Amino acid sequence: MVNILKVEDVRKAFPSGFEALKGVSLDIDEGEIIALLGPNGAGKTTLISTICGITSATSGKISIGGFDTATEYRKARNLVGLVPQEITLEPFETVMNTVRFSRGLFGKKRNDAYIEKILKQLSLWDKKDSRTMELSGGMRRRVLIAKALSHEPRVLFLDEPTAGVDVELRKEMWEVVAELKRDGVTIILTTHYIEEAEEIADRVAVISKGEILLIEQKDDLMARMGQKRLKVELQSAIETIPSDLAEYALALDSKGETLVYTYDTKADRTGITKLLADIAAAGLALKDIQTVESTLEDIFVDLVHEDAA
Amino acid sequence: MNFPAIAAIYRFEMARFFRTLTQSFISPVISTSLYFVVFGAAIGSRIQEVEGVSYGTFIVPGLIMLSVITQSISNGSFGIYFPKFIGTIYELLSAPINFLEIVIGYVGAAATKALFIGVVILATANFFVDITIAHPLAMVMFLVLTTITFSLMGFILGIWAQNFEQLQLVPLLIVTPLIFLGGSFYSISMLPQIWQTISMFNPVVYLISGFRWAFFGTADVPIAVSMFAIFAFLIACLGFIGWIFKTGWRIRK
């Protein structure tokens with residue numbers, strides 16, 4: 001894999017003394033989708049703004065496609081498209097013109113055929129002559145994506161692309177992202193919807209209080225940190241867990257009807273067979289059984305919680 | 001130099017102007033006509049010739065300067081303030097362009113618009129009074145330098161302003177009085193000595209005087225001094241913009 005973005009020990013301190021980024025390092029390969037996950041105020045937007053040149057880093061080094069963002073900023077920025085969190089568009093200008101403007105800003109020659117391609121891809125072609133103020137929120141966000149893609153960037157930053165967007169639009173946005181990935185665009189998105197990261201990311205970076213807590217392949221992370229729970233529903237409620245079952249560290253729900261067994265999916269022996277036999281031996285009759293896998297959300301909450309502790 | 005970017009900014013800004021072309025065109029025509037009705041016909045007929053020209057003709061250079069200066073400032077400031085206000089400035093900051101290119105794009109467009117207004121006023125004035133221009137080249141040069149300089153000043157104002165009130169404040173409280181007291185409608189020599197001396201501290205006096213010289217060949221202050229003043233002001237604005245460029249003042253966090 002070719003490295004496309006390298007962030008080395010980037011710090012950002014504001015004049016108030018607040019340190020928004022405390023030595024962030026990141027290595028991102030071409031063609032992958034990275035989700036930057038973190039609670040509000042974790043430093044996600046500051047990190048993206050610093051990479052894209054909207055704010056300057058206090059210290060550290062950033063390079064995009066091998067070009068230093070400070071010394072070779074023109075070459076570096078040519079590779080980057082940014083979709084900001086807030087929907088900001090010139091209200092009186094048409095979709096076509098505002099996208100053309102973005103392409104021009106990045107020093108590219110006018111190419112209406114290319115802009116037509118992106119607008120069609122983003123289902124905006126029939127709105128090309130509409131003023132941006134006449135569009136719906138979802139469409140305006142897609143105009144921002146079209147602007148960010150207008151100069152054919154290799155890296156696309158999506159800052160909370162689905163914040164405040166309804167479920168249907170969110171799914172639509174994910175489809176757009178998947179399509180961009182197929183075109184070979186590297187995508188870095190920030191989100192605080194874990195579901196989003198789980199759905200579309202290849203790798204997940206968790207950021208909290210200006211520090212990257214971890215960066216890992218999503219599937220590895222889920223496998224490593226993920227636990228499964230076996231829920232055993234009983235025919236009749238019990239008040240206490242029989243002492244014969246003490247070794248399993250079971251939990252009993254408040255109604256006394258369900259026993260919950262937590263186990264590691266990676267372990268050689270999950271102990272389920274023996275547990276079920278022991279439950280039967282303890283004289284409890286089963287009504288139903290189900291397994292539940294922990295989500296990225298649980299992992300995330302655990303991580304951020306540990307960090308706060 | 002990222003020329004496509006300069007062109008993109010310039011075109012985008014000019015598009016704003018052309019969207020409101022009727023307003024941009026009609027408003028200076030009407031206000032100029034009103035000035036001629038009030039100052040030229042009603043009051044002017046009772047005023048003797050000033051420096052050898054009729055009063056109606058005499059006010060033409062001042063009238064053009066009045067509009068050109070205010071238009072330059074308002075176009076220059078609004079052009080950069082608006083992206084700051086609505087947030088689209090992120091695009092300028094993340095694009096592979098430098099501050100000089102941004103300035104050329106915005107200030108170029110603002111100056112072009114102001115120049116257009118200046119020409120419209122000159123054409124309108126031609127319907128009311130006879131105008132002969134003694135030094136056409138100098139007239140064009142003064143006009144172009146004034147639009148550029150005050151568009152630069154407007155740009156600085158647009159960067160500085162943090163709300164619409166501040167955006168209006170400087171033109172309203174400083175620039176308009178300076179223009180009116182800068183001899184737009186009178187010759188400085190008509191004032192009592194003390195006010196003549198005070199007027200010499202008003203930079204606009206030098207501009208209007210120089211511009212009037214280009215029209216009529218006579219001036220309140222020597223033409224060389226006027227030239228010097230406009231260049232000094234231009235360099236001051238460029239210097240300040242250079243400083244903004246270096247520090248990212250009010251633009252980059």
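Predicted model: local features only at pLDDT ≥ 70, side-chain atom pairs only at ≥ 80, totals over all residues.
## Where helix 6 meets helix 9 in chain B

Start with the residues that touch: Ala138(B), Met139(B), Phe142(B) and Thr146(B) of helix 6 of chain B meet Leu207(B), Gly210(B), Phe211(B), Ala214(B) and Phe215(B) of helix 9 of chain B. Here, contact says that two C-beta atoms, placed from the backbone, lie within 7 Å. By class, this contact has seven nonpolar, two polar and no charged residues. (Ala, Val, Leu, Ile, Met, Phe, Trp, Tyr, Cys and Pro count as nonpolar, Asp, Glu, Lys and Arg as charged, and the others, Gly among them, as polar.) Helices are DSSP runs of H or I with at least four residues, numbered from the N terminus.

The axes of helix 6 and helix 9 of chain B come within 8 Å and cross at roughly 155 degrees. Axes are lines fitted to C-alpha atoms over the stretch in contact, with angles from 0 to 180 degrees between N-to-C directions. Helix 6 and helix 9 of chain B are therefore roughly antiparallel, a label for angles over 145 degrees.

Residues are numbered from 1 along each chain as its sequence is written, while chains are lettered from A and ligands numbered from 1 in the order in which they are written.

Chain B averages a pLDDT of 90, on a scale of predictor confidence per residue from 0 to 100. In chain B, confidence is lowest in helix 2 (residues 21-43), at a mean of 82, and highest in helix 6 (residues 136-160), at 95. The model scores ipTM 0.87 and pTM 0.84.

Met65(B) sits in helix 3 (residues 55-86) of chain B. Met65(B) counts as buried because it has 27 C-beta neighbours inside 10 Å; the cut-off for buried is 20 or more other C-beta atoms within 10 Å. Beyond its neighbours within four places in sequence, its contacts include Thr146(B), Leu207(B) and Phe211(B).

## Chain A and the interface

In helix 1 (residues 44-52) of chain A, nine of the nine residues are buried. Next comes Gly53(A), with a positive phi near 95 degrees.

Between the chains, 20 residues of chain B are in contact with 27 residues of chain A. Helix 1 of chain B gives the most to its side, with seven residues. That side of chain B divides into 12 nonpolar, four polar and four charged residues.

Conventions:
Helix = DSSP H or I, 4+ residues; strand = E, 2+ residues; numbered from the N terminus. Buried ≥ 20, exposed ≤ 12 C-beta atoms within 10 Å, placed from the backbone. Parallel < 35°, antiparallel > 145°, perpendicular 65-115°, else oblique.
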